[in-house]
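Subject: Structure for you to look at

Hello,

Here is the structure I said I would pass on. Please open it before reading the notes below.

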Amino acid sequence: MISAIENRRSIRKYEDRAVPTAAVEEILRAGILAPSSKNRQPWRFVVVTGEAKDEMLTVMRRGIAREKRAPLLPDSVQYVSGALHTADIIAQAPVVIFMINPYGYDLGKTLTPEERVYEICNAQSVGAAIENMTLTAASLGLGSLWICDTYFAYPELMEWLGIPGALFAALTVGYAAESPPSRPRAELDEVAVWRTEK
């Protein structure tokens, strides 16, 4: 598994080649096996392919256009053009997997301290599931991209997906048509502090 961690890359260009259903199911099973806070398993997956993906992209682009006019995330408007680029990446990928937290809250809801802690714990759990999925994709010879730009079309995508909860992320999956180099990582001594008894 360490080789999958070392060799995994965020893939933004995909071959026009179908991914076997068995591979997608293995990726989903890897997500389900992730650890989760209080074993809540706060994930539901929507796998989108073929013509449904075209329909989803139309909805996403409509949401991004709305975000330009009437932003739900006004402090993030400078990133909307990146969301359009993300839609173009999604268009190339043969498979898109959406991750929905069934226990999630509406974006506009003010959370109590307890709800905020649950949301943080659920986000960590879904993050662990996505990491399992990206590593499994890499071990199967597939590329993937963990996407959060779906927030710019949040209400539109949630309505289209039709599953209650909160959209946390999307994952594109396919055969890579690029081999990006690894990005720089911090050295251990730059990010880790050891505290030991004296």
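Predicted model: local features only at pLDDT ≥ 70, side-chain atom pairs only at ≥ 80, totals over all residues.

Strands of a sheet pair through backbone hydrogen bonds, either parallel or antiparallel. In this structure 4 strands make up an open sheet, the order across it is E1-E2-E4-E3, and the pairing is antiparallel. Strand E1 (44–48) and strand E3 (143–147) each have a single partner strand and stand at the edges, so one side of each has no neighbour in the sheet. From one strand to the next, the twist averages 20°.

The other two pairings can be followed in the same way. E2 and E4 are antiparallel and are paired over 7 bridges. Within that pairing, Phe98 has Ala170 in E4 as its bridge partner. E3 is joined to E4 by 5 bridges, again in the antiparallel sense. Gly143 stands opposite Gly174, which is in E4.

Is strand E4 buried or exposed? Of its 9 residues, 9 are buried, so E4 is largely enclosed by the rest of the structure.

The helix on the sheet

A pair of helices

Two packed helices are described by the angle between their axes and the distance between the axes. For helix H3 (residues 50–69) and helix H4 (residues 80–92), the axes come within 10 Å and cross at roughly 175°. An angle over 145 degrees counts as roughly antiparallel, and H3 and H4 are therefore roughly antiparallel to each other. Which residues of H3 meet H4? Among them are Met56, Leu57, Met60 and Ile64, while the residues met in H4 include Val80, Ala83, Leu84 and Ile90. Sorted by class, the contact of H3 with H4 has 10 nonpolar, 2 polar and 5 charged residues.

An aromatic pair

How many aromatic pairs does a search of the whole structure find? The search finds 1. The pair is formed by Tyr151 and Tyr154, and it is stacked, with 5.7 Å centre to centre and 5° between the planes. Tyr151 has a relative accessible area of 24% and is partly exposed. Tyr154 has 8% relative accessibility and counts as buried, because buried means under 20%.

Two residues in a loop

Lys38 is in the loop between helix H2 (21–32) and E1. Its phi is near 55°, which is a positive value in a residue other than glycine. Asn39 also lies in the loop between H2 and E1. The phi of Asn39 is near 50°, again positive in a residue other than glycine.

Regards

Methods: Residues numbered from 1 in each chain as written. Heavy atoms only, no water. Pairing = 2+ DSSP bridges. Axes fitted to C-alpha atoms, helices over the stretch in contact; angles between N-to-C directions. Buried < 20%, exposed > 50% of the residue type's maximum accessible area, 1.4 Å probe, protein only. Parallel < 35°, antiparallel > 145°, perpendicular 65-115°, else oblique. Contact = heavy atoms within 4.5 Å. Nonpolar A, V, L, I, M, F, W, Y, C, P; charged D, E, K, R; others polar. Phe/Tyr/Trp six-rings, centres within 6.5 Å; stacked < 30°, edge-to-face > 60°.
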